[in-house]
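Reader: I would like to go through the pockets, the cavities and a few surface features of this model. Shall we begin with the pockets?

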Amino acid sequence: MNISVSALKKIVVQKFTTEGVDAETAAQVADVLIYADLRGVSSHGVMRVEHYITRLKAGGITKNPHFSVEKRGTNHLLFKGDNGFGHVICKEAMDETIKVAKEHGSCTTIIQESSHCGALGYFLEQATSENLIAIMCSQTDSAVVPFGGKEPYFGTNPIAYGFPTNDKPIILDMATSNVALGKILYAREKGETIPNTWGVDAQGAPTTDPHQVKSLTPFAGPKGYGMALVVDVLSGILASAAFGPHISKMYGNYEQKRNLGQYLYVLNPNIFGDVDQFKANISQMINELHDAPTAPNFDQVLVPGEIEQIRSVETMDKGIDLPDQVYNYLNS
């Protein structure tokens, strides 16, 4: 089913407000979810609404949270989200981080008592729109086998980087697994097979059946595994949160608060030079990459996040395609 962005936001907001979520919170969550759908990252889009409402009803998400921000030195913040919607927690935390970075050149923020926050790129664009560099990572529950292992230990543990340019920002937003778990779930919704590099079955063998996937695999073997560890240290252990297999499951124990941790770092390029020159140099880099000779079967070299940006413009015009099951739930 195809639906316009404005119509989709309206029904998502209504779905949340019907459950007692205030309109502002519902709109913020909808914005983050639709941001993902526009970019073709449906695994982090409105298909997640049913899950969030299930957890909200069970008590695993605080309906009316009380946020707190504590300064730890000149340019360090501790943000507590009271286990509300991660989409709102991270938006508010990034706003606070940006304020400090503008004044003091940089800011590191640790988020405690959070929940699943959706696509990290959304929050990075808050910073890049202010001519700031941003880094963000978030721990997730155990779903990925460590390199050389059979059973999962770390989560998909995404990490993202954002850089301002003279045009659209460079946004590198990636899971440390080969794919995010949501892509497996989306394949199940669509009744599609998956590449055999995405996940393994109960015996640790690769599978193309999304219903048989018990664990995901790290990207680039030991490299992805190492990055997953780094993410869990920065966003989990540093946040005094649980880590690895000790993190509460996203799908299960819906009545439990998840108490996830997230890590934000924002840097003002003006600290080291002129921001306009920085952006000009980044833009030159992009143009040179666009003009680089291409390998067989490639039309052009693109920069990280560019495919998603192109798709977003196209999808804004033509509307978002939703699986019938997702569309029917949102309209029920």
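Reader: Which helices and strands each supply at least two residues of the lining of the largest pocket?
Author: They are α5 (121-128), β7 (170-174), α6 (181-190), β9 (215-216), β10 (260-267) and α9 (306-318). Helices (H or I, at least four residues) and strands (E, at least two) are DSSP runs, numbered from the N terminus.

Reader: What should I know about the model itself?
Author: The model is predicted, so local features need pLDDT of at least 70 and side-chain atom pairs count only at pLDDT 80 or more, while totals for chains, interfaces and linings use all residues. Residues are numbered from 1 along each chain as its sequence is written, and side-chain values use heavy atoms, with hydrogens and water left out.

Reader: How does the lining of the largest pocket divide by residue type?
Author: It comprises 22 nonpolar, 17 polar and 10 charged residues. Here Ala, Val, Leu, Ile, Met, Phe, Trp, Tyr, Cys and Pro count as nonpolar, Asp, Glu, Lys and Arg as charged, and the others, Gly among them, as polar.

Reader: How much space lies in the second largest pocket?
Author: About 270 Å³. Of its 15 lining residues, Met47, Glu50, His51, Glu189 and Tyr251 are the closest to the centre. Helices α3 (49-58), α6 and α10 (324-330) each supply at least two lining residues, and α10 gives the largest share, four residues. By type, the lining of this second pocket holds eight nonpolar, three polar and four charged residues.

Reader: What lines the largest cavity?
Author: Val144, Val145, Pro146, Phe154, Gly155, Thr176, Pro218, Tyr225 and Ala228 line it, around a space of about 40 Å³. Seven of these residues are nonpolar, two are polar and none is charged.

Reader: Turning to the surface, which residues form the nonpolar patch?
Author: The patch consists of Phe147, Tyr153, Tyr225, Leu229, Val230, Val233, Ile237 and Phe243, with about 650 Å² of accessible area together. Patch residues have over 30% relative accessible area and no salt bridge; like charges are joined within 9 Å and nonpolar side chains (Val, Leu, Ile, Met, Phe, Trp, Tyr) within 5 Å. Accessible areas come from the Shrake-Rupley method with a 1.4 Å probe, and for residues only the protein chains shown count as cover.

Reader: Where is tyrosine 153 found?
Author: Tyrosine 153 sits in the loop between β5 (133-138) and β6 (159-163).

Reader: How many salt bridges are there in the whole structure?
Author: The search finds eight, a salt bridge being a side-chain nitrogen of Lys or Arg within 4 Å of a carboxyl oxygen of Asp or Glu. One of them joins glutamate 19 and lysine 57 (3.8 Å, N to O). Glutamate 19 lies in the loop between α1 (5-17) and α2 (23-38) and lysine 57 in helix α3, so this pair ties together parts that are 38 residues apart in sequence.

Reader: Is lysine 57 buried or exposed?
Author: Lysine 57 is exposed, at 61% relative accessible area, whereas glutamate 19 is partly exposed, at 24%. Buried means under 20%, exposed over 50%, and partly exposed in between (1.4 Å probe, protein chains only).

Reader: Which residue does glutamate 96 form a salt bridge with?
Author: Its partner is lysine 99, with the closest N and O atoms 3.6 Å apart.

Methods. On a 1 Å grid over the protein atoms alone, a cavity is a set of points where a 1.4 Å probe fits but cannot get out, and a pocket is an open set with protein on both sides within 12 Å along at least five of seven lines; lining residues have an atom within 4 Å of a point. Grid points are joined across faces, edges and corners, and a volume is the space filled by probe spheres set on the points.
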